[in-house]
Amino acid sequence: MEPDNPLAAGLAGDRHAPPCVLVVFGASGDLTSRKLMPAVEQLAQRRLLSTSFAVVGVARTEWSDDDFRARMREAVKDAGPEWEHLTSRFRYVAGDYADSATFDTLATVLDELDAELGTAGSRVFYLATVPGVFAGVAKALGDGGLASPGADGGFARLVIEKPFGHDLESARQLDVDLHAVFAEEQIYRIDHYLGKETVQNLLALRFANAIFEPIWNRNYVDHVQITVAESVGVGHRGGFYETAGALRDIVQNHVMQVLALTAMEPPVTIDAQGIRDEKVKALRAIDVLTPDEVADHVVRGQYDAGWVEGEEVVGYRDEEGISDSSVTDTYVAMRLRVDNWRWAGVPFYVRTGKRLPKRLTEVAMQFREVPHLPFPAGLAQGLGANALVLRIQPDEGITLRFGAKVPGQAFEVRSVSMDFSYGAAFLEESPEAYERLLLDAMIGDPTLFIRSDEVEQAWKVCEPILAAFSDPSYPVARYEAGTWGPSAAEDLLERDGRKWRRP
Ligand code: BG6
């Protein structure tokens, strides 16, 4: 049974995982060795795991328990001394996800671990697989009797990673399939951006301070800019990326989550229901664009060859696995409206792209100009509007830009910055996103996971844009790798008398 208040332990600071088994489907894959195992190892090093804990890997690859243990040891560089000991308890089940025998074997292994370690029938099933098998694995877990909480007070939880569907309809279908087996409370949908400290800090900044919230609205904010820039290209993920594009890969999930946290109303309590209720209300307030508005407010871009961070790189169409007539969006810029009392009339400009000059995610609140500048003409040329910039990554922190007098006889004013930097202010190291989220899933704290209504609402915003992009004649604005995107994106803001920030 799920505890009455699963958050009590999580939020109140007792951040220790209860006895449980982490079952990883896709155990021989990239996500498991690159993200999940390093996160488990870190949790072990910080002594946040129960002494009754084990990992069971499931995948088609024909490995033995020892092969799996050896691979997982290799996966974590500079592991602490407990890792060798912990991995010695790991078990592995080789099998096809479509074969019920795989789940029979899994059930036997889990019973053995319950008896050996006292894991009390508590399981976190992590689907580190391609999304195409989510529904099938969930059903097989149900058929094998593994989806119900254990009789002796244990729990069964399912963790899945985006993409949650390919569009609104497939997202709804996925929910129907998952809900046929797991209750919504058992499903933990990961958006790793929510595991980032600086994304969570949006809540602290807004709701732990008296000075920001009073100006966090249409009376003071001129517009908001959200940037998720990446310097990387599509690497070896071309096949996947061709079916996704930046809109599905970044906007539908990461950008919508950051936007929701930026725009939402104060929750009554910082817990799963409080935060997710407010996020979904904010998402619901985003005006769904009409086809004409899409044409006006949304720029689809794709990178050509160029130079990024001192390296010469090929254009998207010359990447591995990409057709030379591809129109996939590697860049998207758009102007959205959040039509509610707080934000009416304040544009939210959003942009994301690959092969931009650097990796950088930020939210910039750009404030209105002062109503009247009492300085002699010409002495305020270096003065811009006030801005509060939340630097989500890298160089995590917050910058406040304001005007100051330039030293000297004249009354010249210019913009200066006041900086808060995480690295300088705190000695504590930020946990990696996966570390935080895995622990939350074990504790049973769904605050930083996405609820099904949020997923739906985010797809609703993307639907008309997806429809436009599905037409190959929708313009593909080209940009040189290593630049800040196509000129059409500049025009989008210039038409409104505004400019993108140059971070
Ligand atoms: C993933 C996308 O969700 O986020 C990738 O699929 C992208 O394409 C990545 O590179 C970016 O994550 P981060 O944490 O590096 O900003």
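Begin at Thr-262, which counts as buried at 0% relative accessibility. Buried means under 20% relative accessible area, exposed means over 50%, and partly exposed lies in between (1.4 Å probe, protein chains only). The model is predicted: local features need pLDDT of at least 70, side-chain atom pairs count only at pLDDT 80 or more, and totals for chains, interfaces and linings use all residues. Residues are numbered from 1 along each chain as its sequence is written, and side-chain values use heavy atoms, with hydrogens and water left out.

**Stop 1: helix α9**

Thr-262 lies in helix α9. Helices here are DSSP runs (H or I, at least four residues), strands are runs of E (at least two), and both are numbered from the N terminus. Select the neighbours of Thr-262. Not counting residues up to four places away in sequence, Thr-262 touches Leu-202, Arg-206, Trp-216, Val-224, Trp-343, Val-363 and Met-365. Contact means heavy atoms within 4.5 Å.

Now select His-254, in helix α9 (residues 238–263). The UniProt annotation "active site", from an unreviewed entry, covers His-254. UniProt positions are given in the numbering used here, feature names are shortened, and annotations may be inferred rather than shown by experiment. Is His-254 buried or exposed? At 3% relative accessibility, His-254 counts as buried. Show its contacts next. Leaving aside neighbours within four places in sequence, His-254 is in contact with Lys-162, Asp-191, His-192, Tyr-193 and Asp-249.

**Stop 2: two cis bonds**

Follow Lys-162 from that contact list. The peptide bond from Lys-162 to Pro-163 is cis, with omega near 5°. Pro-163 sits in the loop between β5 (156–161) and α7 (168–179).

Jump to Gln-393. The peptide bond from Gln-393 to Pro-394 is also cis, with omega near -20°. Pro-394 is in the loop between β14 (387–393) and β15 (397–405).

**Stop 3: two positive phi angles**

Stay in the loop between β14 and β15 and select Asp-395. Asp-395 has a positive phi of about 50°, although it is not a glycine. Asp-395 is exposed, with a relative accessible area of 52%.

Then select Ala-120, in the loop between α5 (100–117) and β4 (123–127). Ala-120 is not a glycine, yet its phi is positive, about 55°. Ala-120 counts as partly exposed, at 29% relative accessibility.

**Stop 4: the sheet**

Which order do the strands of the open sheet take? Its six strands run β3-β2-β1-β4-β5-β6, with parallel pairing. Two strands pair if DSSP finds at least two bridges between them. The edge strands are β3 (91–94) and β6 (187–190), and each pairs on one side only. Neighbouring strands of this sheet are turned by 20° against each other on average, direction ignored. Axes are lines fitted to C-alpha atoms, for helices over the stretch in contact, and angles run from 0 to 180 degrees between N-to-C directions.

Zoom in on β4 and β5. They pair in the parallel sense over five bridges. Phe-125 stands opposite Leu-158 in β5.

Finish with two helices on the sheet. Helix α3 (residues 65–75) packs on the sheet and touches β2 (53–59) and β3. The direction of α3 makes about 115° with that of β3. Helix α6 (residues 134–143) also packs on the sheet, touching β1 (20–25), β4 and β5. The direction of α6 makes about 170° with that of β5.
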